[in-house]
There are 2 protein chains.
Amino acid sequence: MKLHYPNGKKYIPAVKSISPSVKKQSYSNRGMTLEEDINITNQYYLELGKAVIHKKPTPVQIVKVDYPKRSAAVIKEAYFKQASTTDYNGVYKGKYIDFEAKETKHGTSFPLNNFHDHQIKHMRSVCDQNGICFVIIRFSTTDEIFYLEAEKLFLFWDRMIEGGRKSITKDELKQSAHPIALGFQARIDYIRVIDYLYSFN
Amino acid sequence: MKLHYPNGKKYIPAVKSISPSVKKQSYSNRGMTLEEDINITNQYYLELGKAVIHKKPTPVQIVKVDYPKRSAAVIKEAYFKQASTTDYNGVYKGKYIDFEAKETKHGTSFPLNNFHDHQIKHMRSVCDQNGICFVIIRFSTTDEIFYLEAEKLFLFWDRMIEGGRKSITKDELKQSAHPIALGFQARIDYIRVIDYLYSFN
């Protein structure tokens, strides 16, 4: 029997060999990007009726479209636009959820240039509206994942604006963010952190 | 002095002639699409700090991208994808807001084929999560605008699925939906309806 993820993707067994080192990390990353892991998580939340969170489509500036007879319109020229908001949003128990996910290959710090000015501005607006706003940061080399509340990200961002360091050290993240362990179905179970941080039903 | 909308669009005076018929409809549609009116409204809400609502980018399936030297990547082949969610979402006072906007040239009824199966499915999921979900319907010939709660849309949708009529009559909308008068800055002030329907602070 072939196993598939809820999104139709083929299930790839975590343990391909029985060498101890591989076994130890059986829940760890299977070569998936952070985006893929979060999409699988969101799909799982959706099917479970736990939350409705989607990734927004990539913003594209369409310049030229062909309309061939008897077939679908073809976009012949378009350009990637910079996103003016975050990538993910949706609803959990009536509350507005909004986040951005970024991974870095750096070992000991997370560079703040992963975010844009207007994304930070958007996150501030969301916080002002009492939305639940955060970023998910993954260190891809060590597979460490953090949930950092937007309000805390702003502190690091403002420190940079005021001339301070242009990154968040991993030690700072360990102190101010919440680690997320890789899970199986809810690969990156960020709602557990939301449940921990906010009390509502 | 040139006047501009908050989004930088040029202000076009409503009254170009002083004939009584034109004067009478000075707040009415100035040849703008429903999407443009809603975008202006959302921009106004954003600048006022009243709500953070954005239109999602058009979903596009990107097939071929060129990366010319020293210039931006060019998408050379892409196709429009059917949206799996609604077009607009965001946050108002911590609450999740989700809606779709459609206009019709029909005079007396609104055809339900303006919505897709999976959009209805998405709206049901949002309602299950206690999100605030609705559709904005405009009759473009008469400039009548209605706010129809998703829960009521489902009744008309299910009637169609069970073999009933494939549209909502304007009379039905007048009974079950909330009219929105065209305004000036908040062109389509749907938050007034939200405030009327829900009591939260």
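The points below go through the predicted model, from chain A as a whole to individual strands and helices.

1. Basis of the note. The model is predicted, so that local features need pLDDT of at least 70 and side-chain atom pairs count only at pLDDT 80 or more, while totals for chains, interfaces and linings use all residues. Residues are numbered from 1 along each chain as its sequence is written, chains are lettered from A in the order in which they are written, and side-chain values use heavy atoms, with hydrogens and water left out.

2. Chain A overall. The secondary structure of chain A comes to six helices and ten strands, where helices (H or I, at least four residues) and strands (E, at least two) are DSSP runs numbered from the N terminus. Of its 201 residues, 46% count as buried, that is, under 20% relative accessible area, with exposed meaning over 50% and partly exposed in between (1.4 Å probe, protein chains only). Among contacts in chain A with a separation of 6 or more, 63% come from residues 24 or more positions apart, a contact being heavy atoms within 4.5 Å.

3. Four strands form an open sheet in the order 2(A)-3(A)-3(B)-2(B), with antiparallel pairing; two strands pair if DSSP finds at least two bridges between them. Strand 2 (60–66) of chain A and strand 2 (60–66) of chain B stand at the edges with a single partner strand each, so one side of each has no neighbour in the sheet. Strand 3 (residues 74–80) of chain A is joined to strand 3 (residues 74–80) of chain B by four bridges, and Tyr79(A) has Val74(B) as its bridge partner.

4. Strand 5 of chain B. Seven of the ten residues of strand 5 (residues 95–104) of chain B are buried. Strand 5 of chain B pairs with strand 4 (residues 88–92) of chain B in the antiparallel sense over five bridges, with Tyr92(B) opposite Lys95(B). The hairpin of these strands has two residues between them, and there Lys93(B) takes a positive phi near 50°. With strand 7 (residues 132–139) of chain B, strand 5 of chain B pairs in the parallel sense over eight bridges, and the partners include Asp98(B) with Cys133(B) and Glu103(B) with Arg138(B).

5. Strand 7 of chain B. In a regular strand the side chains alternate between the two faces of the sheet. Both faces of strand 7 of chain B are covered, with Ile132(B), Phe134(B), Ile136(B) and Arg138(B) buried on one side and Cys133(B), Val135(B), Ile137(B) and Phe139(B) buried on the other. Strand 7 of chain B also pairs in the antiparallel sense with strand 8 (residues 144–149) of chain B over six bridges, where Val135(B) stands opposite Leu148(B). Four residues lie between these two strands in their hairpin, and Asp143(B) in the turn has a positive phi of about 60°.

6. A loop position in chain A. Thr142(A) lies in the loop between strand 7 (132–139) and strand 8 (144–149) of chain A, and counts as partly exposed because its relative accessibility is 44%. The C-alpha atoms of Thr142(A) and Lys105(A) are separated by 8.9 Å, although these residues are 37 apart along the chain.

7. A helix contact in chain A. Ile120(A) and Met123(A) are among the residues of helix 3 of chain A that meet helix 4 of chain A, whose contributors include Phe154(A) and Trp157(A).
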